[in-house]
Amino acid sequence: GQWARHIGAKLIGVAAGADKCALAKENGYFEVIDRTTENVVERVKAITGGKGVPVAYDSVGKATFETTLACLAPRGFFISFGTTTGAPPPVEAATLQKGGSLYFCRPTLVTYTASRDDLVASANAVFDLVAKGVLKPSIGQRYPLAEAARAHADLEAGRTSGASVLLPG
């Protein structure tokens with residue numbers, strides 16, 4: 001949200017519960033939908049004047065796949081990058097066609113940092129914005145490395161916010 005706000009993008013966030021929605025607003029989201037009390041597709045359509053969004057980033061996976069797809073505008077981009085609830089289902093070409101000539105992408109960090117130059121450029125872009133105060137990292141919780149399994153369970157159960165840090169020793 002912080003980076004998007006910096007470049008002038010208006011993000012619609014989806015979170016679970018009032019506290020997480022407030023946190024998203026504090027971090028630069030234009031609008032936030034509480035998925036525990038609101039219909040995500042209806043709210044996205046209302047916010048966008050019935051058009052849908054041009055790009056949707058989905059970090060959840062299987063459980064949100066259909067909802068995310070339904071929020072897209074014609075020729076929209078569906079960027080699926082997480083599997084918190086399991087892998088998204090296979091994408092049928094006809095589904096993308098019928099949805100309005102949609103695009104589906106499943107990026108991986110390995111591809112975007114395949115060369116040392118790409119990795120350094122990406123890292124420099126992030127750290128430059130952190131140094132300028134545009135990006136303010138938020139560490140929500142810390143776990144001893146021995147409790148990595150609990151950290152993963154908390155993430156899957158939605159009990160985390162911000163970044164989680166695993167500490168050695």
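Okay, ground rules. It's a predicted model, so local features need pLDDT of at least 70, side-chain atom pairs count only at pLDDT 80 or more, and totals for chains, interfaces and linings use all residues. Residues are numbered from 1 along each chain as its sequence is written, and side-chain values use heavy atoms, with hydrogens and water left out.

Trp3, Ile7, Val126, Phe127 and Val130 make a nonpolar patch of about 470 Å². Patch residues have over 30% relative accessible area and no salt bridge, and nonpolar side chains (Val, Leu, Ile, Met, Phe, Trp, Tyr) are joined within 5 Å. A salt bridge here is a Lys or Arg side-chain nitrogen within 4 Å of an Asp or Glu carboxyl oxygen. Areas are Shrake-Rupley with a 1.4 Å probe, and for residues only the protein chains shown count as cover.

Which helices supply the patch? α1 (2-7) and α7 (116-131) each give at least two residues, and α7 has the largest share, with 3. Helices are DSSP runs of H or I, at least four residues, and strands are E, at least two, numbered from the N terminus. Val126 sits in α7 and is partly exposed at 33%, that is, between buried (under 20%) and exposed (over 50%).

Now the sheet. It's open, with 3 parallel strands ordered β3-β4-β5. β3 (53-58) and β5 (103-105) are the edges, each pairing on one side only; pairing takes at least two DSSP bridges. Between β4 (72-80) and β5 there are 3 bridges, and Phe78 has Phe104 of β5 as its bridge partner.

Technical notes: Patches are made of residues with over 30% relative accessible area and no salt bridge: like charges are joined within 9 Å, nonpolar side chains (Val, Leu, Ile, Met, Phe, Trp, Tyr) within 5 Å. Buried means under 20% relative accessible area, exposed over 50%, partly exposed in between (1.4 Å probe, protein chains only).
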